[in-house]
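Please keep the structure open while reading.

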Amino acid sequence: QVQLVESGGGMVQAGDSLRLSCAASGRTFSGYIMGWFRQAPGKEREFVASIRWSGGSSIYDDSVKGRFTISIDNAKNTVYLQMNSLKPEDTAVYYCATRHALVISYLDWGQGTQVTVSS
């Protein structure tokens with residue numbers, strides 16, 4: 001079955017950077033979209049960024065545009081989220097997810113990795 005394993009979270013100060021990784025396995029991901037989501041305490045899960053498995057076009061939430069970059073290494077079956085200029089409001093559990101490009105909903109999710117940004 002599909003496995004998505006996130007890593008790279010941690011505790012940093014405002015202005016610092018972190019790079020999250022999502023190792024994907026269990027299927028051929030050609031034709032799929034890879035996404036990053038986050039959920040802060042007491043809030044609903046929200047979209048952060050997505051990218052096509054083949055690379056190219058990526059989409060970002062306005063709150064992270066210009067600070068976060070999503071990328072993919074097809075050879076390593078790994079998706080990255082480079083997070084720069086972190087703010088306390090970026091504190092959340094970050095999840096990796098995947099969906100087929102022709103499907104609306106993300107059906108496979110990782111277990112999440114905690115990112116905590118102190119002021």
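From the N terminus on, the elements of the chain run β-β-β-β-β-β-β-β-β-β-β; there are 11 strands and 0 helices, where helices (H or I, at least four residues) and strands (E, at least two) are DSSP runs numbered from the N terminus. The radius of gyration, taken over C-alpha atoms, is 13 Å, close to the 14 Å that the globule rule gives for 119 residues, so the chain is as compact as a globular protein of that length. The globule rule is 2.2 Å times the number of residues to the power 0.38.

This is a predicted model, in which local features need pLDDT of at least 70 and side-chain atom pairs count only at pLDDT 80 or more, while totals for chains, interfaces and linings use all residues. Residues are numbered from 1 along each chain as its sequence is written, and side-chain values use heavy atoms, with hydrogens and water left out.

**Overall dimensions and surface**

- The C-alpha trace spans about 40 × 25 × 25 Å along its principal axes.
- The accessible surface of the chain is about 6,200 Å², and 48% of that belongs to carbon and sulfur atoms; the areas come from the Shrake-Rupley method with a 1.4 Å probe, and for residues only the protein chains shown count as cover.
- Of the 119 residues, 43% count as buried, where buried means under 20% relative accessible area, exposed means over 50%, and partly exposed lies in between (1.4 Å probe, protein chains only).
- Among contacts (heavy atoms within 4.5 Å) between residues at least 6 apart in sequence, 55% join residues at least 24 apart.

**The four-stranded sheet**

- An open sheet is formed by 4 strands in the order β1-β3-β8-β7, with antiparallel pairing; two strands pair if DSSP finds at least two bridges between them.
- Its edge strands are β1 (3-7) and β7, each of which pairs on one side only.
- Direction ignored, neighbouring strands of this sheet are turned by 15° against each other on average, with axes being lines fitted to C-alpha atoms (for helices over the stretch in contact) and angles running from 0 to 180 degrees between N-to-C directions.
- The antiparallel strands β1 and β3 are joined by 5 bridges: Gln3 has Ser25 in β3 as its bridge partner, and Ser7 stands opposite Ser21 in β3.
- Leu4 and Glu6 make up the covered face of β1, while Gln3, Val5 and Ser7 make up the uncovered one.

**The nonpolar core**

- A nonpolar core is a set of buried Ala, Val, Leu, Ile, Met, Phe, Trp, Tyr and Cys residues joined through side-chain atoms within 4.5 Å.
- The largest one has 30 residues, and those with the most contacts inside it are Met34, Trp36, Val79, Leu81, Met83 and Tyr94.
- Two or more residues each come from β3 (18-25), β4 (32-39), β5 (46-52), β7 (68-73), β8 (78-83), β9 (92-100) and β11 (113-118).
- The most is given by β3, with 4 residues.
- Not counting residues up to four places away in sequence, Met83 touches Asp16, Ser17, Leu18, Leu20, Arg67, Phe68, Tyr94 and Val115.

**Loop residues with positive phi**

- Most residues other than glycine have a negative phi.
- Asn77, in the loop between β7 and β8, has a positive phi near 50° and is partly exposed at 27% relative accessibility.
- Ser85, in the loop between β8 and β9, also has a positive phi, of about 50°, and is partly exposed with a relative accessible area of 40%.
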